[in-house]
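This report covers how the parts of a model meet one another. The sequence and structure come first.

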Amino acid sequence: MSTQTVVREGTILPPGEVVRYNFNERLCHWLNGVTYLFCMLTGLAFYSPYLYWLSFVGGGPASSRFLHPWVGIFFFVAMLWMHALWKLQMVATPEDQAWKHGIKNYIENRDDLLPPQGRFNAGQKLFYWVMFYSAIVLLITGVIMWFPELIAGTAHWLLPIIIFIHCAAALLTIGAFIIHIYMGILMVPGGLKGISYGRVSEEWAAHHHRLWYEKIKKR
Amino acid sequence: MPNEAMQIKAISAHPGPVPGGNVSRDYDVCKLIDTTTCIGCKACEVACLEWNGYEFRETTFDNTYQTMPDTAWNYWNLIRFNEHENEDGTLNWLMRKDQCMHCADPGCLEACPADGAIVQYANGIVDFNQENCIGCQYCVTGCPFNIPKFNPTTKKVFKCTLCSDRVGAGLEPACIKSCPTGCLHFGSKDDMKDLAQKRAQQLKDHTSYHNAGVYDPETIGGTHVIYVLHDKDHPERYGGLPKDPRIPIMVRLWKHPLKWLGNIGMIAGIAGVLLHYVRFGPKVVDKKEEKKP
């Protein structure tokens with residue numbers, strides 16, 4: 001069997017590697033990543049005068065303002081795709097509770113004291129739901145902010161509330177995003193490979209997601 | 001513009017004090033609109049369009065003397081008309097020249113995220129600088145009078161400039177120039193306040209408008225456009241002039257506590273994860289023991 005045709009998540013490859021994410025999952029993740037990053041950087045430009053220079057990401061302040069809502073729509077669509085792919089796997093499971101109790105051990109890298117985890121641990125699930133619900137809030141408030149002139153005459157009082165909520169939800173995602181980036185790049189070596197081209201070592205799978213590893217091993 | 005630095009301070013061998021010395025110049029400008037003498041002729045609307053180079057646009061007839069329902073990006077000045085029925089069954093035709101109020105504490109400027117898109121001059125004029133405008137319309141959100149208007153073609157926001165170009169050259173705004181009844185006045189803020197008070201007193205003393213007064217709302221630090229109203233307690237009758245205009249509280253909360261909370265959160269987040277890396281480092285996967293299920 002050629003390694004090039006690997007599609008299915010959980011496939012065990014000859015050199016001791018397993019497929020962590022299939023191509024659709026990887027593509028979906030990076031669509032989310034790129035559109036979110038664009039919206040975050042251009043959004044930060046409008047958030048603070050000290051970060052106004054970040055609007056170069058969108059080709060200048062005015063074009064950033066023009067593109068931000070459109071890319072936001074793409075982000076939401078990508079989020080819906082991700083939801084279709086992962087919503088069942090992001091549902092809370094019994095082992096999540098034990099993991100949450102042992103979160104101190106997870107943070108301090110005493111992984112041997114942690115309960116075995118499935119394909120996604122409780123932290124990953126939490127990040128997913130924060131992003132998913134925030135995306136809904138950002139979409140609803142964002143559409144109103146896109147065309148404020150339509151309600152400025154009749155429901156002007158609504159506008160500042162909408163902006164406040166949009167800003168607060170965006171800040172919440174940024175907090176989650178900082179942790180996500182740190183863990184993906186620095187804290188969990190091998191994780192970035194998994195989401196980039198899909199392959200992780202069998203040891204990595206067994207260490208971080210033992211229940212998932214045992215399940216795919218039995219297939 | 002007179003150059004203050006070149007004002008004479010001392011004169012050699014001059015008997016007595018310096019002529020004109022110790023005179024302070026009042027730079028604050030103000031437009032006074034006396035709604036009690038406005039006849040709704042719309043000369044100011046036309047003068048505004050002419051000076052600012054906009055073509056006259058289609059009007060809307062809705063059985064009133066109002067040109068159209070609202071101001072527009074290329075129609076900055078509108079006489080709002082309201083037929084008010086008094087308690088005794090008599091009618092009042094209330095005319096109010098609606099335009100930017102040039103607040104001392106401008107909500108548009110507070111809300112604007114674009115560097116240099118809104119400026120407030122020392123004379124009190126609040127001006128939009130369209131070349132820096134990004135079209136986000138946060139100013140629309142911040143304005144308690146719903147004045148800034150969006151041009152969907154250029155994606156820029158426009159409003160009354162109080163003819164900053166004319167005032168800068170020592171002229172009065174175009175609308176003032178055109179008013180045939182003299183209900184519009186232009187001068188220093190102190191002079192206009194004084195004139196407005198006198199007119200309100202005159203109305204109280206010599207007419208049946210015993211509740212006449214001046215509209216110069218303190219809730220936004222006063223405005224550089226002030227009104228004389230027949231009834232100072234009911235500004236909302238004049239086409240929805242707010243009684244206590246304020247920058248929306250949510251704009252203040254968004255621009256101050258939320259922003260600082262967000263700034264601290266982001267910096268603490270980045271510092272926190274880096275500190276974690278330094279303290280605990282990455283998660284190491286043991287090659288030998290892990291693989292066995």
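## Contact between the domains of chain B

In this predicted model, 7 residues of domain 1 of chain B are in contact with 4 residues of domain 2 of chain B. On the domain 1 side, two helices of chain B each supply at least two residues: helix H2 (107-111) and helix H3 (138-142). H2(B) gives the largest share of that side, 3 residues.

Sorted by class, the side of domain 1 of chain B that touches domain 2 of chain B has 2 nonpolar, 3 polar and 2 charged residues.

## Domain layout of chain B

The domain assignment places residues 29-247 of chain B in domain 1 and residues 248-280 in domain 2. Taken over C-alpha atoms, the centres of domain 1 of chain B and domain 2 of chain B are separated by 40 Å.

## Contact between chain B and chain A

Between the two chains, the contact takes in 35 residues of chain B and 42 residues of chain A. On the side of chain B that touches chain A, the elements giving two or more residues are H3 and helix H7 (249-279) of chain B. The largest share of this side comes from H7(B), with 13 residues.

By class, the side of chain B that touches chain A is made up of 20 nonpolar, 7 polar and 8 charged residues.

Terms used. Residues are numbered from 1 along each chain as its sequence is written. Chains are lettered from A and ligands numbered from 1 in the order in which they are written. This is a predicted model: local features need pLDDT of at least 70, side-chain atom pairs count only at pLDDT 80 or more; totals for chains, interfaces and linings use all residues. Domain bounds come from an automatic or database domain assignment. Helices (H or I, at least four residues) and strands (E, at least two) are DSSP runs, numbered from the N terminus. Ala, Val, Leu, Ile, Met, Phe, Trp, Tyr, Cys and Pro count as nonpolar, Asp, Glu, Lys and Arg as charged, and the others, Gly among them, as polar.
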